[in-house]
Amino acid sequence: MTRLEVPVQLRWSDMDAYQHVNNVEMLRLLEEARIEAFWSHPVAPDGSRAESAWPTAVLDAGPGAELSTLVARQEIEYLKPLGYRRTPVIVEMWLGHLGGASLDVCYEVRDAGEIGPERVTYARALTTLVLVDAATGAPRRIGAEERAAWAAYLEEPVTIRRRR
């Protein structure tokens, strides 16, 4: 199992009146981690491109990119309230499905630390992304470079409790 562990810093404004990270802000934390892990850094004004620390960062996020992504579906299960703190949370990510033009990004939002009873997990989530040709707006198949970069992160999807 290979997973990405992306630290994401909380902001004071993420909290709501109940003194925990608001449900909408939790989805933004997932988005920040996803962008960090899957999108390459745009070309700098001097023409150079910063190398990403993430081997999965193969999508071009720069101006005029030929590809974009659309969120087709999101599901989240909140396990514990996440209060504001100065240390980042870890957004652990992997792929639960790698299809023709879509992928399922799975997440666990947790504290840093080893796996075990002392590790706190705040939320589990899944986002289905569709790759889209920016010029036509039509879905675009996952290319060989993307598939090669992402294949190592493919495993069973996140388990989210279902309502009865």
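Me: Which residue lies over the face of W94?
Reply: This is a predicted model. A charge counts as sitting over a ring if CZ of Arg is within 6 Å of the ring centre and within 35 degrees of the ring normal. Here the distance from the ring centre of W94 is 3.5 Å. The residue is R3.

Me: Where in the protein is confidence highest among the strands and where lowest?
Reply: The mean pLDDT of the protein is 88, and 88% of its residues reach 70 or more. Confidence is lowest in strand β3 (residues 59–60), at a mean of 88. It is highest, at 97, in strand β6 (residues 102–110).

Me: How many aromatic pairs does a search of the whole structure find, and how is W12 set against Y84?
Reply: The search finds two. Planes over 60 degrees apart count as edge-to-face.

Me: Why does the pair of W12 and Y84 tie together parts that are apart in sequence?
Reply: W12 lies in the loop between β1 (4–8) and α1. Y84 lies in the loop between β4 and β5 (89–98). The pair therefore ties together parts at a sequence separation of 72 residues.

Me: Is W12 buried or exposed?
Reply: The cut-off for exposed is over 50% relative accessible area. W12 has 60% relative accessibility, so W12 counts as exposed. For W12, the answer is exposed.

Me: Which helices hold F38 and W150?
Reply: F38 and W150 form an edge-to-face aromatic pair, 5.8 Å centre to centre with 80° between the planes. This pair links distant parts of the chain, 112 residues apart. F38 is in helix α1, and W150 is in helix α2 (residues 144–150).

Me: Are F38 and W150 buried or exposed?
Reply: Buried means under 20% relative accessible area. F38 has 3%. W150 has 1%. F38 is therefore buried, and W150 is also buried.

Me: Which element gives the most to the lining of the largest pocket?
Reply: The largest pocket holds about 160 Å³ of space. α1 (23–38) and β4 (67–78) each supply at least two residues of its lining. With six residues, the top contributor is α1.

Me: How many charged residues are in the lining of the largest pocket?
Reply: The lining includes V24, L27, W39 and Q74. R28, E31 and R34 are also among the lining residues. By class, five are nonpolar and two polar. The charged residues number three.

Note on methods: Residues are numbered from 1 along each chain as its sequence is written. This is a predicted model: local features need pLDDT of at least 70, side-chain atom pairs count only at pLDDT 80 or more; totals for chains, interfaces and linings use all residues. Side-chain values use heavy atoms; hydrogens and water are left out. pLDDT is the predictor's confidence in each residue, from 0 to 100. Helices (H or I, at least four residues) and strands (E, at least two) are DSSP runs, numbered from the N terminus. On a 1 Å grid over the protein atoms alone, a cavity is a set of points where a 1.4 Å probe fits but cannot get out, and a pocket is an open set with protein on both sides within 12 Å along at least five of seven lines; lining residues have an atom within 4 Å of a point. Grid points are joined across faces, edges and corners, and a volume is the space filled by probe spheres set on the points. Ala, Val, Leu, Ile, Met, Phe, Trp, Tyr, Cys and Pro count as nonpolar, Asp, Glu, Lys and Arg as charged, and the others, Gly among them, as polar. Rings of Phe, Tyr and Trp (its six-membered ring) pair if their centres lie within 6.5 Å; planes under 30 degrees apart count as stacked, over 60 as edge-to-face and the rest as tilted. Buried means under 20% relative accessible area, exposed over 50%, partly exposed in between (1.4 Å probe, protein chains only).
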